[in-house]
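Subject: A structure to look through

Dear colleague,

I am passing on a structure that I would like you to read alongside my notes. Please open it first and keep it beside you as you go.

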Amino acid sequence: ICNFKFPPAQGNPSFNGDFDHDGLGDSQDLCPRVADPLNTDIDKNGKGDACEDPDQDGVNSATDNCPFVSNQDQTDTDVDGLGDACDDTVNQASENSELWINLSFGLMILALLALIGRSAWPAIVNKK
């Protein structure tokens, strides 16, 4: 019989109860990952204003074309959906890769279906 005893439980010394170091504990902080010592929530939705606009440019992240870099004017020269303030390829309209990602994904699905269909084909033919 094994007579093993676990050591006493200890707190994690590297745990930080205030991730963003704004003076508010994470459990009370409305925005625990973005520093906001005032813990403001103007629209009273339970989410800190700093989380809704982390770059503090006055544009809510849901519509901000550059949510982590301040750009009040929302300029997007190449009309790719990414603001010039955080766009490393300004004036290159071809950088919009969403179309290519979707097209590649679709082609992968078609190839997978073809492989599945091909592996099932002998089973279907032999049943006749």
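Predicted model: local features only at pLDDT ≥ 70, side-chain atom pairs only at ≥ 80, totals over all residues.

Residues are numbered from 1 along each chain as its sequence is written, and side-chain values use heavy atoms, with hydrogens and water left out.

Of its 128 residues, 22% count as buried; buried means under 20% relative accessible area, exposed means over 50%, and partly exposed lies in between, using a 1.4 Å probe and protein chains only. The accessible surface comes to about 10000 Å², and 62% of this belongs to carbon and sulfur atoms; such areas come from the Shrake-Rupley method with a 1.4 Å probe, and for residues only the protein chains shown count as cover. Among the contacts with a separation of 6 or more, residues 24 or more positions apart account for 0%, a contact being heavy atoms within 4.5 Å.

Next come the disulfides. A disulfide is a covalent bond between the sulfur atoms of two cysteines. Here the rule is a pair of cysteine sulfur atoms within 2.5 Å, and by it the count comes to two. Cys31 and Cys51 form one of them, with their sulfur atoms 1.7 Å apart. This pair links distant parts of the chain, since Cys31 is in the segment before α1 and Cys51 is in helix α1, 20 residues apart. The link of Cys31 and Cys51 is right-handed, with 110 degrees about the S-S bond. Cys31 is buried, at a relative accessible area of 1%, whereas Cys51 is partly exposed at 22%.

Cys66 and Cys86 also form a disulfide, their sulfur atoms being 1.9 Å apart. Both Cys66 and Cys86 lie in the loop between α1 and α2, so the pair ties together parts that are 20 residues apart in sequence. Cys66 counts as buried, at 0% relative accessibility, while Cys86 counts as partly exposed, at 30%. If the bonded cysteines are numbered in sequence order, the pairing is 1-2, 3-4.

Asp76 is found in the loop between α1 (49–52) and α2 (98–126). Not counting residues up to four places away in sequence, Asp76 touches Asn65, Gly81, Leu82 and Asp84.

Finally, Leu38 lies in the segment before α1 and counts as exposed, at 71% relative accessibility.

With kind regards

Conventions
Helix = DSSP H or I, 4+ residues; strand = E, 2+ residues; numbered from the N terminus.
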